[in-house]
Amino acid sequence: MQKKIFFIGLVLLLTGTFQLKAQHAKTDSSYRRWFVGSSFYMLGNFIPDDPNRPEYVQLNVGYRITPKDVVSFRFKRSIYSWPLGIPFGPSFDAPGLNYPGHARILAPTVGYQRFWWKGAYTSVYALNVFEKYMDENNKKIGNGYTLYLDFYLGYQFKFFKDRFFFEPAIGISYWPVRTNVPESFKAVEQKWNNYFIQPGLDFGFKF
């Protein structure tokens, strides 16, 4: 499933790169301060016959303090059944390498985004992830908490007089705090790193 989302994101990234131009000039004082948005990762919910459907929901709300500085709040909800640090490749979501069950997460998130040149930006997000662990029989076996720190380098493309935008990015997710992981889950994930390289595929509407 995640491979398919990755390729969808790659197509969107290439499309945006070849067709679009962007961003606020330094002297632009008419920029729209608020935005709402989400992520193209939600397309993974519609992949047919996916045994690990993510049930992914994301809502972004942000405020542009200056033309270059943005603060935001995000809320994410999803399900995952693969070890967090397993990289994209033949091992990802491969039979026999997933958890003996799955985790349901709720993740309120705060973030900061800095634009450096035209649409080029860096951003950092702190995700407070509250997890409910389920075994293979869909029975709850525990609750946990993980603190994720996500770092992105990307570019914002704008559409329709700067009302809509798309932000392809490449990022790394690192989790310095992870507590109360069930032993059966821990045994699967312990051989993988506590970081993950991933694309960012956010979009939104400014007002």
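Q: How much of the protein chain counts as buried?
A: Buried means under 20% relative accessible area, exposed means over 50%, and partly exposed lies in between, with a 1.4 Å probe and protein chains only. Of the 207 residues of the protein chain, 45% are buried. This is a predicted model, in which local features need pLDDT of at least 70 and side-chain atom pairs count only at pLDDT 80 or more, while totals for chains, interfaces and linings use all residues. Residues are numbered from 1 along each chain as its sequence is written, and side-chain values use heavy atoms, with hydrogens and water left out.

Q: Why does Ser72 count as buried?
A: Ser72 counts as buried because its relative accessibility is 13%. The residue lies in strand β3. A contact means heavy atoms within 4.5 Å. Not counting residues up to four places away in sequence, Ser72 touches Phe35, Val61, Gly62, Thr109, Val110, Gly111 and Tyr125.

Q: What share of the contacts with a separation of 6 or more joins residues 24 or more positions apart?
A: In the protein chain, that share is 65%.

Q: Which residues have the most contacts inside the largest nonpolar core?
A: A nonpolar core is a set of buried Ala, Val, Leu, Ile, Met, Phe, Trp, Tyr and Cys residues joined through side-chain atoms within 4.5 Å. The largest one has 24 residues, and Tyr80, Leu84, Val129, Tyr133 and Tyr148 have the most contacts inside it. Two or more residues come from each of β3 (69-80), β4 (101-117), β5 (120-135), β6 (140-155) and β8 (164-179). β5 gives the largest share of this core, five residues.

Q: Which residues form the nonpolar patch on the surface?
A: Like charges are joined within 9 Å, and nonpolar side chains (Val, Leu, Ile, Met, Phe, Trp, Tyr) within 5 Å. Accessible areas come from the Shrake-Rupley method with a 1.4 Å probe; for residues, only the protein chains shown count as cover. Among the residues of this patch are Ile65, Tyr112, Phe151, Ile172 and Ile197, and the patch has about 920 Å² of accessible area together. β8 gives the most, with three residues. Ile197 lies in strand β9.

Methods
Helix = DSSP H or I, 4+ residues; strand = E, 2+ residues; numbered from the N terminus. Patch = residues over 30% accessible without salt bridge, like charges linked within 9 Å, V, L, I, M, F, W, Y side chains within 5 Å. Salt bridge = Lys/Arg side-chain N within 4 Å of Asp/Glu carboxyl O.
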